[in-house]
Amino acid sequence: SAGWLADETPRLDSSVKGSAFEPTSPRATEPVVGPERTVDGFAKAFLDELNFEAGVALKRSTTTDQYLALARTIRGYLMADWLRTAERRRQNPTKMVGYLSAEYLLGRQMGNSLLATDLGDIAEQAMTSLGLDFNLLRAQEIEPGLGNGGLGRLAACFIDSLASMDVPSIGYGIRYEYGIFRQTFEEGRQVEVPDAWLSLGAPWEFPHPDRAVQVNFGGTTEQYIDGDGRTRRRWLPAWNVQGIPYHYMVPGYQNGVVNTLRLWSARATQEFDLKIFNSGDYAEAVRAQTFAENISKVLYPEDSTPQGRELRLQQQYFFVACSLKDFIDRTLEEDFDLTRLDERIIFQLNDTHPVIAIPEMMRLLMDEHDMEWAAAWEVTRKCFAYTCHTLLPEALEVWPVELMTRLLPRHMEIIYRINEEFLDTVREAFPGDELRVRRMSVIQEHPERAVRMANLATVAGVKVNGVAALHSELLRDKLLPDFAALWPNKFTNVTNGVTPRRFIRLANQQLSTLITDTIGPGWETDLERLRELEPYADDAAFTESFRQVKQANKDRLRSILSQRDGIELPEHAMLDVMVKRLHEYKRQTLKLLHIVSMYDDITSGRVRREDVVPRTFVFGAKAAPGYFMAKEIIFLINSVAKTIAQDPRVTDLMAVAFPANYNVTLANKLIPAADLSEQISLAGKEASGTGNMKFALNGALTIGTDDGANVEIRELVGDENFFLFGMLEPEVAALADRGYTPSSFYESNPALKRAIDLLASGHFTGGDRSLAAPVVDDLLYKDRFMALADFQSYLDAQARVDAAYRDVDGWTRSAVLNVARSGFFSSDRSMRDYLDRIWMPKS
Ligand code: B1H
């Protein structure tokens, strides 16, 4: 009989309801088994994906088809663990960590998933058995570049560690349709190309349009009397969008745990459309959908200097509102009393970008869940902790009251009230000190009325932390001293870390094998064990292998740069690497002055050729598209690189490479090959740095200032294995107070004068002085970050580097000790510190 034919109900519309997900759950748990962990099992699963999911025959398939099928096959092996992890967490609800971050700079997913599942060999053999080139397929993946630099990469390392440590946690963020731009060079100048990372298909994500969440914007607020006769306020928003969750697997390292990263994508709501549809303009209504979808369209490419754009505030509120609603609905599923919400969640605010979550939590608890102000505040102030990632004044986010009132009027009211009560506390603690009250206020008055997001986060957060020891000290004593006076115990430090899985195991397989052969397995999740390598720093066989690994990594890099960028590098030279965002405070110009100085020494015959230690300099850096000076610096580096490459007097002694589009994928190839790591920011400006840690862990020596986590690296690896130079932070502050005149350093230092004159002469810019002028003039007359003041000290340190490098055994010894003593910089340790000091303190 065909009874089922009668049972189908036609539906009127094809829309999605804006309601939270309601599971129908016919069975509580289903037995889930992944495909067989054999070469044949893998090959079969792969063909199933290709044939039955993609509908493509192997012999007609493209490389893209094959890549997609491979990705889906690998994720199939993680699926059972994912469902099991989620079920286990639901069965035993405990306090979770909610990481709120506008950025996740994930890097490629395939290698990481293969490592987590330990399926690399099986997958490779399976592909070979089908006649496919495994590495070619892996190379197809476009990395999800949903972040700018260190801050976004840190978030990715942290969720990796949380999964590897089986900490109940969830990452929340934005699914940008376009991530960080792809950088290309045209005549040495940066040109940005949109990063269409989803264009080939998105095999690592799981969209859940049926679990959409509605987010409101604009409108007004009003007072009303509720059913119990209470006077209350409510928000009458003007428009809304919906947030569609996309889930990403976050696999732990070979531990059967798979956590979730939930990124939100904006769509137009029916309601939104209807208003315009009803006006009769169908085409306009369809067009208007793109207005809503703009919210998650593109990552703002500013690293450390936020632009106060309206769309950016919309992005921030959008993902925060979705995430809080998502989490609260989840706790309500277990009938949880929201006055105890802090027993279920601690939200970590990754910089100020998600700080609008604080008034949003208040609004949800009061307006949607009927709580009184006092009760709502009592719980809200236990649910958030704030990480500050900077000290640069221009990086501190403030949102104009005018914009905030227009976009989020209810939140603005709540912020005012939080501030009123907070300022009462200040007045009580410091009677009569109105200057202090003004400094601490969440609202700034000048140059315009605006909400200081860092102050709001500090008022509401359980803890405030900086990202390296020095930074946390400066944060407490220089950026927020008034808050520290009021609440000394609110301030703490958690030094950043990096995941050893991606940045050693995946990036440096040969070093990993050498380490495992020497100290046994297990160091990948217990990185302090690298200490056991210390005795081998003097072991001839070990150091010889170590050198061979470094050379192999250099050879691989040379071949990659040759293929990828058409850059041909000399075989034997010290590899001196500076990779990070282009920013004046990071001082790529100081590096450039060193290069020009070395060039000048050789071409003028000031040094004998046989005394020169050959070097290859590698830069990698993206500039924010609107950052004029940063782009001029890129142009100048490229100009110098080109001139040097064409000058036969120096080509055997120096080369400068600037591969375009530095990203996580390239970092994984570059860092393991480096001999020297350049960490040369002006002391007090780099909050932490995390590239510095990756280099040390891969056996590069650091030349660096006493800044950020460099301080801790030097303490750990030892003075004799680190090249320190430059002013200390108090000296920088003192010089700034005295008044800094860069030209006096230029006048009084002949080497510096020669380098700057040569740059200014047009020698590197085809004879055109004007092309070098923006950078040169800035150095001579402004030099906000005091490159000229640190120049001589830097040059001296580089001379020490040369001397050390000539001593091959001594250098290798130092490199080994850098690896052995950097285990502290595992992001697992950072997560342990967050747990102990912030998330789950044993009171
Ligand atoms: C860091 C940022 C940042 N600090 C604003 N601040 C952004 C600020 O899109 N924006 O508006 C984006 C990024 N990023 C970096 O964080 C620090 O400069 C590094 O020193 C630090 O290592 C890293 C992680 O803590």
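Biologist: Which residues does Arg108 touch, not counting residues up to four places away in sequence?

Modeller: Two residues are in contact if their C-beta atoms, placed from the backbone, lie within 7 Å. On that rule, and leaving out residues up to four places away in sequence, Arg108 touches Glu141, Glu143 and Thr665. This is a predicted model, in which local features need pLDDT of at least 70, side-chain atom pairs count only at pLDDT 80 or more, and totals for chains, interfaces and linings use all residues. Residues are numbered from 1 along each chain as its sequence is written.

Biologist: Is Arg108 buried or exposed?

Modeller: A residue is buried if 20 or more other C-beta atoms lie within 10 Å of its own, exposed if 12 or fewer, and partly exposed in between. Arg108 has 21 other C-beta atoms within 10 Å, so Arg108 is buried.

Biologist: How do H21 and H30 cross?

Modeller: Two packed helices are described by the angle between their axes and the distance between the axes. Here the axes, which are lines fitted to C-alpha atoms over the stretch in contact, with angles running from 0 to 180 degrees between N-to-C directions, come within 10 Å and cross at roughly 55° for H21 and helix H30 (residues 787-806). Angles under 35 degrees count as roughly parallel, over 145 as roughly antiparallel, 65 to 115 as roughly perpendicular and the rest as oblique, and H21 is therefore oblique to H30. Among the residues making the contact are Leu593 of H21 and Phe791 of H30.

Biologist: How many residues of H21 are buried?

Modeller: H21 is mostly covered, with 13 of its 16 residues buried.

How values were computed:
Helices (H or I, at least four residues) and strands (E, at least two) are DSSP runs, numbered from the N terminus.
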